[in-house]
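Let me put the model up, and then I'll talk through its rings.

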Amino acid sequence: MSDTKEKIILTGDRPTGKLHIGHYVGSLRERVRLQNSGEYSEVYIMIADAQALTDNADNPGKVRNNILNVALDYLSVGIDPSKSSILIQSQIPELPELTQYYMNLVTVQRLERNPTVKSEIKMRGYSEKEDGKGTPVGFFCYPISQASDITAFKATTVPAGEDQSPMIEQAREIVRKFNSIYGDALVEPDILLPKSSAARRLPGTDGMAKMSKSLGNCIYLSDPEKEVEKKIMGMFTDPDHLKVSDPGKTEGNPVFIYLEAFAGPEIPESKAFFEEYAPDYQDLNEMEEHYRRGGLGDVKVKRFLNNVMQETLKPIREKRAEYEKDIPGVLEILKTGTEKAEEKAAGTLSDVKRAMKIDYFDEPSVITNADLAD
Ligand code: TRP
């Protein structure tokens, strides 16, 4: 036995739509790397359908339909079911049971201060002050249920985007509070953020801060080749870069942010991309310098980006097509992953009940005659 704590990963996504390249660079790519690193003894990837229902109660069909989409996205980017358990949140009743106990450790006021919840309430127009229809209680409490997702698997590491930081912080507080009241039963998780700033927040093809389905500015992992090309050739760039000879801005320019995320110095294939598709330049830095100096046209840069993206997405697309031919096989993967996950969560729930001394029937000494006296 090694004396270091075993490292365990838990992370997940709400199944409200197909996953896009923002998800890919922000987390999926990193998950695959971590899964293959050999550093983690267990990896759990959750399709968070119960969380998706907290703000889609009136649209369960949307959530249900996207479970398979997200599962296919996972498998096609290289999540390997022999190394990672893919699980469906709603099929693990231990999670809401944990949530019930954690709810007693969190105040309404603390939840109200959670910056992600705050901005999501605003975005969804729930605010009653602004004549919204009000915030569903389940939605308001989802950070607590997310703490259950993480702690149920004794996760040490949560690879996720920056927007999830407040959730992990809230989970850590719950763990500390639980352990201090009932004794150490839970593990405090750390968030693992993507390294490059381009990967942390990939803008939409229109340059808006975030890719979002409603803005129609996403490139999906499952988009066909032609669609990807069309979206890239229509991307926003530097609005002041009118003539090829004009000096251009690379900072804040979505095309260059994408290049940084897909062909930047941290990307293993980047050298090969330049050799093959832009041999005039050694690396992205040189291409950026040329653009800033003037003399490099947007169309040329976009063509390069398109080549890079097609190379990146082709193997993903091919793998997806394979899995699409065997949907019952995909369901079997989800079932196996969920079963393994439930076993783990059941172990944690019994640790929690033992720590709280509410395991009355498993441990008869918990309730004795002595309890009659108070
Ligand atoms: N809140 C995450 C999202 O919106 C999804 C999620 C649910 C999650 N449970 C999780 C992420 C646990 C990390 C860990 O994408």
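Predicted model: local features only at pLDDT ≥ 70, side-chain atom pairs only at ≥ 80, totals over all residues.

Residues are numbered from 1 along each chain as its sequence is written, and side-chain values use heavy atoms, with hydrogens and water left out.

So, there are 8 aromatic pairs here; centres have to lie within 6.5 Å, and planes under 30 degrees apart are stacked, over 60 edge-to-face, the rest tilted. Phe 256 and Tyr 291 make a tilted one, at 4.7 Å between centres and 55 degrees between planes. That pair links distant parts of the chain, helix H12 and helix H14, 35 residues apart (helices are DSSP runs of H or I, at least four residues, numbered from the N terminus). Phe 256 counts as buried because its relative accessibility is 3%, buried being under 20% and exposed over 50%, with a 1.4 Å probe and protein chains only. Tyr 291 is buried too, at 0%.

Phe 274 and Phe 304 are also tilted, 4.7 Å and 45 degrees, and both are buried.

Now charges: the end of Arg 14 sits over the Tyr 142 ring, 4.6 Å from its centre, and Lys 18 does that over Tyr 220 at 4.7 Å. The test is NZ of Lys or CZ of Arg within 6 Å of the ring centre and within 35 degrees of the ring normal.

Last one: is Phe 361 buried or exposed? Exposed, because its relative accessibility is 81%; Phe 361 lies in the segment after helix H16.

Technical notes
Helix = DSSP H or I, 4+ residues; strand = E, 2+ residues; numbered from the N terminus. Phe/Tyr/Trp six-rings, centres within 6.5 Å; stacked < 30°, edge-to-face > 60°.
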